[in-house]
Amino acid sequence: MERYPFLKQIIEKYTTDAELPNMGEYCFVFPNRRSSTFFRRYLFERLDEIGKISFLPSFTTISDFIGRFSRGAEASRNEQLFILYDTYRNLLLKRGQIGQLRDFDRFRFWADLILNDFNDVDQYMVDAKLLFKNVKDLKEITADYFTEEQKAVVTRFWGDDFSGKDDVDRFWLHTANVDSCCDEASIRGKFLNLWEILYDLYIDFRKVLRNRKLYYQGMAYRNAAEIIKHTDIADLQYKRYIFVGFNVLSTAELIIFERLRDIGAADFYWDFASPAFFNNVSELQKNLVIRRQMINFHNKATRFVGRNLLNFPPLYPLDTHSVSIPDIEVVAVPANIGQAKLTYTILEQMVDGGDIKDKDDAIDTCIVVNDESLFVPLMHSLPESIGAINITMGLPVRNTAVAALMTAVISMQLRARSLKGRYHFYYEDVVRVLNHPFMQAIAPSESNDIQSALISGRRYNIDIQWLYDNYPKLRFVFNTVRNVKSSMEVYDYMSILMSTLSSELRILKDNGNPVDGTDRQLAIIDYYNRQLDELRQLTELYAIEMNESSYFHLIEGFVNSSTLNFEGKPLKGLQVMSLLETRALDFDNLIMLSMNERIFPRKHFARTFIPNALRSGYGMSTLDHQESIFSYYFYRLLTRARKVKLLYDSRTSGISSGEMSRYLYQLRYLECFPDINFRSVEYVPSTAAERVISIEKRKSELDRLRKGGDLYLSASALKTFKKCPLLFYLKYIKNLRDEDEVKDYMDEATYGNIVHHVMQHLYEGLRGPADTLTVTERLLDEIPHMRCGRNGENLLSNLLRREINKTYHHLPDDRLDSPLEGDSKIIAAIMLRFIQRMLVCEKALAPFEFYSAEMKERFCWMIEDGIEINFTMSVDRVDYLPDGSIRFIDYKTGADKTDVGDCSKLFSGHDTDAVFQLLLYSEAYCACHGIDADIHPMVYKFKTISTEGLVDCTISTPEHKKFKLSSHRQVHDYFMPQLRHLISRIFDTDEPFYQAKNEDDCKYCKFISMCGRSARIDTQS
């Protein structure tokens, strides 16, 4: 059966010979501009089809129709908020309560609620005086629900901090600072008097607007209703007004419709052709006139539109014979973004199957986006085979790239601090700004250079003047706003930022290097600029001063809470829109995304000062209205479509319940929708998708590790090769290193380096020019009490301060004696106690000769015939022992084991790397120097030295059970063959450099994404 669009049916009724001559005297009124545009198109097509010429009627929206009866202009939302605050301020001044005035930023949240309530009061023609008196009376009753104890607590703590946003009542409570000495009557009186301000505020606010020839929407509706209910047909501009496609009507609209109906100046057409709206579809198809008994009032969709249809019947009944059931499929997708990806497949199938008649102009197909977060993924998922795309929906500004940059910039400015007379930014804020795609596109080299400088200099607080002087291209971002409460300073900074950003993005576009969605980003920047200009004018006009907050917060609150409406060419291409934009429109193909409960219908919990009971009693909008609106538009949208795809996210993890919308359940069980297909899409992981990466070895690269080459093997290199040959290749042959990052805390590695270097400077300073230093128990007892310098400062404290300033703060040499502050001072005290404990532990090893710290050597090492490698080593500390042996000490801050177990684990595991490194150094040192001494490997474990002291490493061999490792020669015969085998594998050209076999080894690898592996997260049951 042919499906006929709702709008086309109306046009047929008005393009008859009887009506065409009068068309110029008619005005068609629509709920939105989109339906008006489509109606105009269908009208032109119809006139061409019948070959008739006629004067065109007028087309308008209900908002414009109402506006014609109001003098002046509609105030913008921002202007309404400022005028309301000014009225509130003057009202408190008039009442002698100006001391209770809230600052604008805190008032703004509540102002939104007040404006919404005032708008509803006028749209529903409510007697404001009676309503707000009832609100006051209701509060009087609820106020007595406190027990005496509760009243005492509330009285004691009532103050500025009582203004939480969870309870709207609290706004009015916090305007009275009630002292604990106040009696109950005084508290109760102030509580009630404050509720009376609502009506006074309403009256004064409307008066101010009228004097300035301004209005808000509800005020315009009330004005229009008051005028029209006393208007005769001769006073109207048009002979007939035809209202098309409406649903829920406010009281003002009902009054307007009734008056125009009664004087014969109006016609009404209700889109009511869904089988879900009727008790008996077959009976419907036999009758053009719809009667009350035919309507299914059990369906909330018909609650309002059904009554309207009966109260305002159309002049020409529409044909209901085209009512039928479309091909409906409900698809469960186990991912939110997966819905956007599946849309690609559905559209391709519709093109291939001929459902989309013209892929270059798919105006017969609509995608309804119920979850705004899917907008961007959807735009990147539409097939290239679809030509034009028209977007008509609101994009929340907070979800845009421009807003992300502004949030980062505002955070940077708000956290800027003056240190010793110079302003500084916090490094995290600077890095967040520099990593934004806009900054990477505009100034990639400068952004990367700054980050490199922050890492190398370990800068936490970034001198703004340093940025300003060294990176002039980024001055527009890193300028200083010294007074964040000054509207002039903030707006000047933001204006320069926005204009420069816009210019730079246009330059990139002109040079052929545009950022993603340049035109859209430029439109958002222009919107920001308009908002900035308006806010600046309003703050100056109404003399708004910031107290506790800042103008940055004001800008962010205003702009990020708004929605930017995109409107393309409505009569061309695939239609992408929100549900409300579909009013009065019909499509052959319909795809609806995010058909999940709590998303469709989305719960709009009205933040209002008017309790729901009073709203219902006065006929104002409630949550029930929202339910009826969603239900109606859902069912009417399905009616004339041929093919419908309803997608929902079926995941049950996190905050997603995976529950499909109640309307999908209704479709399943309603008798009028008998043949709906429900199916699920599953994503099955494929092992074939895993990328196996290996790199063939090249002799030229391996020769660089041999004698005469420029590359060196080391303990770290061999430990890396054991874990992942591919990582070894990237780091030690191709020299690709992990990116360092600045940390605002002292990590384990830095802590260990500082202690290590303090011990080095201590022993080297005591040794002086001699070859060795004899360390005795007496010396170890004396060290904590040694003094240095003219002031006789404690030697260890001095060494710690200088090393912390050098290693942690990265200060130059001439500032190493700067006093420590904050966390550094606390850490220094902890380190001092740790070093003192380590010196006590070392008494068990005395006497010994300290020989060297940070002993670095490079040499060629003949591992076996044909393999002579370049090798580099760095031993943390070397001691000579009285028996002629040598002790190699390695400082460790990690969880390395000193109890190895079987010797073979040195080459198969990674938690024994500390012992592996010491044994490797021992063998290399002896081979290089040709000595036959015993070398005692010893690990100083910082984590356990305070509790366990200094302990020897333990190991076992096939011939011997676990024993203390006092000499590397004890395991020489087991260690060296395995070491030779390990190194020979590096030079074996038949074995490529492959990925780590154990994916657990990839957990913290910086190159993990390059391998196609994903980081694994440890969880506990």
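1. The chain holds 38 helices and 29 strands, taken as DSSP runs numbered from the N terminus (H or I of at least four residues for helices, E of at least two for strands). This is a predicted model, in which local features need pLDDT of at least 70 and side-chain atom pairs count only at pLDDT 80 or more, while totals for chains, interfaces and linings use all residues. Residues are numbered from 1 along each chain as its sequence is written, and side-chain values use heavy atoms, with hydrogens and water left out.

2. Of the 1021 residues in the chain, 53% are buried, meaning under 20% relative accessible area with a 1.4 Å probe, protein chains only. Among contacts (heavy atoms within 4.5 Å) with a separation of 6 or more, 75% join residues 24 or more positions apart.

3. Helix α1 (residues 6–14) packs against helix α2 (residues 33–50) at an angle of about 50°, their axes being 9 Å apart.

4. Ser 628 lies in helix α26, which spans residues 623–639, and Ser 628 is buried, with a relative accessible area of 1%. Once neighbours within four places in sequence are set aside, Ser 628 is in contact with Asn 247, Lys 300, Ala 301, Arg 303 and Phe 304.

How values were computed:
Buried means under 20% relative accessible area, exposed over 50%, partly exposed in between (1.4 Å probe, protein chains only). Axes are lines fitted to C-alpha atoms, for helices over the stretch in contact, and angles run from 0 to 180 degrees between N-to-C directions.
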